[in-house]
Amino acid sequence: MTSPAEAGRFGWLRPDALAIAAGALLAAVAPLERFDYVARGLTASSLADAAPSAQVLLVTASPEALRDGLCARVLPGLLERGGARGALLIPPADAFCAPGAGGGAEGGARGAEDAEGARGAAAAPSAAPPIVRMPPGLLRLSAGEVVGFSSPSGEERAAELAALGVSAAPWVLKKEPQSVPAVSLSALAEGQIPASALAGRVAVVGVGSGGVPPQAVATSALPPAKGVAAVLGGLLDGGRRASAPAWAPALFVLCAGGVVWLVRRRHGSLVATAALFLATFALAAGQSALAARAEASLLPLPSTLFGLAVAFTGVMILRGLGVQRAVDRAAELIQRAALFRMQGVHTLPDEEFWPRVARLAEQAHPADLVLVAELPPGSWHLRFWNDQRGGEGLVAERRHDVRRPPYSSEQGVPAIRLARRFLTKQDMPAVVVPLIAFGEIEGYVFFCGPVAEATYSREPERAEHVGRELALLLRRKRLARTAQAGGVEARAGHAPTDDLVEGARVALDDLQLFGSMLRNAPVGLLYADAFGDVRFVAPEFAKWLRARDVTVPAESASSALPPGSLTLGDVLGATSAGSAAVSLSSVMASDDGIELSVSAPEPAVLSVRPLRRESDGSSWIAGYVAALIPVKQPAPVSGNVRPIAARDATDPLCAFQLGDVVAEAVASAGRATGRAVRLEPIRGATHALGHRGELAQVLEAFLTDVAGRGLPGHGPVVSVREAAHGVQLSILDVGFGLGLPESALQRVLTAPGAAPAGLEPLGRLILAVEDSHGHAELKTNDGWGITLTVTLLKAHPRVGVAAHEGGKPAAQQNVIAIGRASPK
């Protein structure tokens with residue numbers, strides 16, 4: 001991990017800081033060279049000087065004058081008489097005005113004389129003004145206009161060009177075309193304009209239109225003559241300009257990027273964008289101001305703007321992407337935390353809330369059918385929700401008025417009561433439980449069937465406990481919905497980030513609660529929400545559940561489970577201390593929870609406690625927490641000896657009807673897998689001696705596993721018969737043994753406690769048979785799978801089998817039960 005010193009040292013290496021640095025580097029390197037050149041030319045052209053030029057005179061020669069040789073004859077004399085600095089001939093005038101050029105024989109002779117005179121003058125002590133042809137490559141153009149001169153050092157007449165003031169100047173603040181004085185060559189030759197107009201000036205001679213007014217002479221000149229005159233005039237007046245140093249645009253990008261970053265951090269994105277536009281305007285205004293006063297002042301504007309855009313992207317977009325990524329991660333964490341959220345009961349839609357209430361009631365109170373109904377506010381008529389198994393259609397009383405029986409007594413007082421004719425099935429009783437919280441009816445729950453009647457007759461307080469907790473759950477949902485609806489208008493103008501902050505606050509509260517629970521709970525932790533749905537199961541607890549043949553999704557063994565995939569009733573049903581309904585109702589009734597002793601696979605204590613929340617003087621169950629606490633063995637057991645597991649007092653060695661146990665196991669396996677498990681007609685009395693509870697549990701798990709593995713349409717075939725040497729149970733399975741080697745079968749017979757992967761249910765069944773003093777055999781049938789034969793000791797009762805109140809068969813009168821008797 002990075003130390004605090006290193007973190008502070010490299011703290012500037014953030015995306016926004018790196019983007020500003022990258023933008024400054026781009027501005028210094030100036031990668032957009034072509035565009036920068038054009039921008040410098042446009043800047044120089046836009047700052048053209050409008051003051052009249054005293055250094056340059058534009059002389060236009062008409063085509064007629066050029067054709068007659070007038071330019072070659074009179075130009076040297078005019079320059080000398082007028083005291084001009086010299087003449088710069090612009091193509092195509094240079095072909096007619098240069099010394100030695102002329103038109104016709106007369107013009108040739110006159111030109112020869114003038115040339116001879118010019119050579120004589122050159123030999124004289126005072127040289128004549130130079131007449132220089134402008135080389136075509138001397139001009140620097142930008143957007144079709146002349147913006148400066150290249151270096152003339154490589155030209156033949158470099159010294160003469162330098163005498164005229166032409167030097168290397170990439171960009172020049174030129175004169176306005178109208179500010180350069182212009183005359184026609186004919187007017188000078190005819191004396192209409194005195195030759196003194198050339199005094200001290202450079203005559204730029206170019207081709208122009210003839211017969212135009214004097215005021216239109218400048219505009220009549222053909223390109224590039226007027227552009228050269230304007231640029232040369234600006235150059236001679238001190239308008240030379242060059243590129244600014246590379247550090248100048250880089251410094252500007254650094255400063256502008258820093259300002260945008262600071263404004264973005266303190267005032268938000270909108271103000272930062274405005275700061276960017278201000279920086280762009282300052283760049284343009286500063287360029288104009290600098291270019292008008294300093295020579296090395298032309299910035300690479302496109303490259304500088306490109307670097308500024310890169311810096312702005314890093315400050316705004318990359319920062320925004322980072323924030324958006326953080327928001328997405330926070331939203332993901334909030335969504336994941338919502339799987340555990342206990343405060344989110346009111347956020348569930350009614351279509352999901354009420355079926356979960358029904359599932360919770362089914363776990364808490366035994367019943368053949370459970371119905372739930374809501375009493376809407378301001379109404380006296382119930383609304384039934386769970387209609388997946390008939391639901392409201394089974395209710396005989398159609399008005400559903402809670403002021404009438406059976407919802408209330410004859411005096412109109414709602415109370416728990418047993419109704420005989422509440423359902424359309426006259427033989428099915430129903431326990432009517434009003435859900436009352438703080439004196440108000442929130443709804444009703446109906447436990448239907450003989451099992452519900454027997455449980456209510458034996459333990460009436462169980463229905464009272466369940467009704468009170470369900471009423472508080474419904475009350476909390478209604479109050480939360482009312483508060484949420486009342487706060488909608490108050491939050492009408494809230495920003496979207498407010499929802500994120502509120503969700504983060506709720507998620508933080510939940511995570512703090514779970515952190516406290518994880519820190520204070522023993523190893524082997526399980527959490528179930530207020531509906532009894534297991535939402536978190538620790539790996540050790542999941543391992544223990546799988547050893548008890550409870551299905552736990554493998555991919556969610558140590559993370560949040562979806563609602564309904566595993567219930568707290570399933571967990572409590574995996575114990576041998578009693579039914580799930582009794583255990584869950586006991587948890588509801590006790591603030592300290594319950595503790596159950598379990599033996600397999602290792603001795604442990606299962607502690608289940610409710611998580612209660614208190615608010616406004618009321619207390620309700622917000623969830624359940626269970627802990628599997630291992631119990632240390634009194635002495636170590638050798639590794640090659642399998643210890644005899646402690647047996648529960650409620651499952652002694654007794655005589656029982658094996659055929660009834662097998663029939664129940666076959667029916668349960670068929671319901672669990674949805675596949676047919678065939679049971680052959682039972683032959684004989686099939687009275688056997690053994691541990692009935694253990695055999696029933698492992699046999700059901702084994703048949704469920706076999707039926708789930710079998711091929712469609714080829715489920716296992718089960719038969720029970722009474723033989724001379726004992727009671728035999730045979731299971732013929734078509735698909736269970738396909739591909740299994742003989743060594744795997746031999747291993748599970750020899751060491752059933754360490755059965756290979758996939759054969760654990762078979763190993764547990766063999767162990768249970770051996771614990772009941774029986775034995776098992778496996779026979780491989782070629783092409784027809786495996787036949788498992790279980791033989792138990794045969795019992796010979798002299799009287800009929802009596803049944804306990806809870807439905808379990810009692811021991812026979814001529815058989816002495818081995819082990820402790822059940823507690824009264």
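Strand S6 and strand S9 (residues 240–243) run antiparallel in this predicted model. Two bridges join S6 to S9. Within this pairing, Val-172 stands opposite Arg-240 of S9.

The axes of H13 and helix H12 (residues 247–267) come within 7 Å and cross at roughly 160°. Angles over 145 degrees count as roughly antiparallel, so H12 is roughly antiparallel to H13. The crossing of the two helices is right-handed.

Which residues of H12 meet H13? They are Phe-252, Ala-256, Val-260, Val-263, Arg-264 and His-267. On the H13 side, the contact is made by Ser-269, Val-271, Ala-272, Ala-275, Leu-276, Ala-279 and Leu-283. By class, this contact has ten nonpolar, two polar and one charged residues.

Now turn to strand S4 (residues 139–142), where Ser-142 is found. Is Ser-142 buried or exposed? Its relative accessible area is 5%. Buried means under 20%, so Ser-142 is buried. Leaving aside neighbours within four places in sequence, Ser-142 is in contact with Tyr-37, Val-38, Gly-41 and Val-147.

Key:
Residues numbered from 1 in each chain as written. Predicted model: local features only at pLDDT ≥ 70, side-chain atom pairs only at ≥ 80, totals over all residues. Heavy atoms only, no water. Pairing = 2+ DSSP bridges. Helix = DSSP H or I, 4+ residues; strand = E, 2+ residues; numbered from the N terminus. Buried < 20%, exposed > 50% of the residue type's maximum accessible area, 1.4 Å probe, protein only. Contact = heavy atoms within 4.5 Å. Axes fitted to C-alpha atoms, helices over the stretch in contact; angles between N-to-C directions. Parallel < 35°, antiparallel > 145°, perpendicular 65-115°, else oblique. Left-handed = near helix turned anticlockwise from the far one by under 90°. Nonpolar A, V, L, I, M, F, W, Y, C, P; charged D, E, K, R; others polar.
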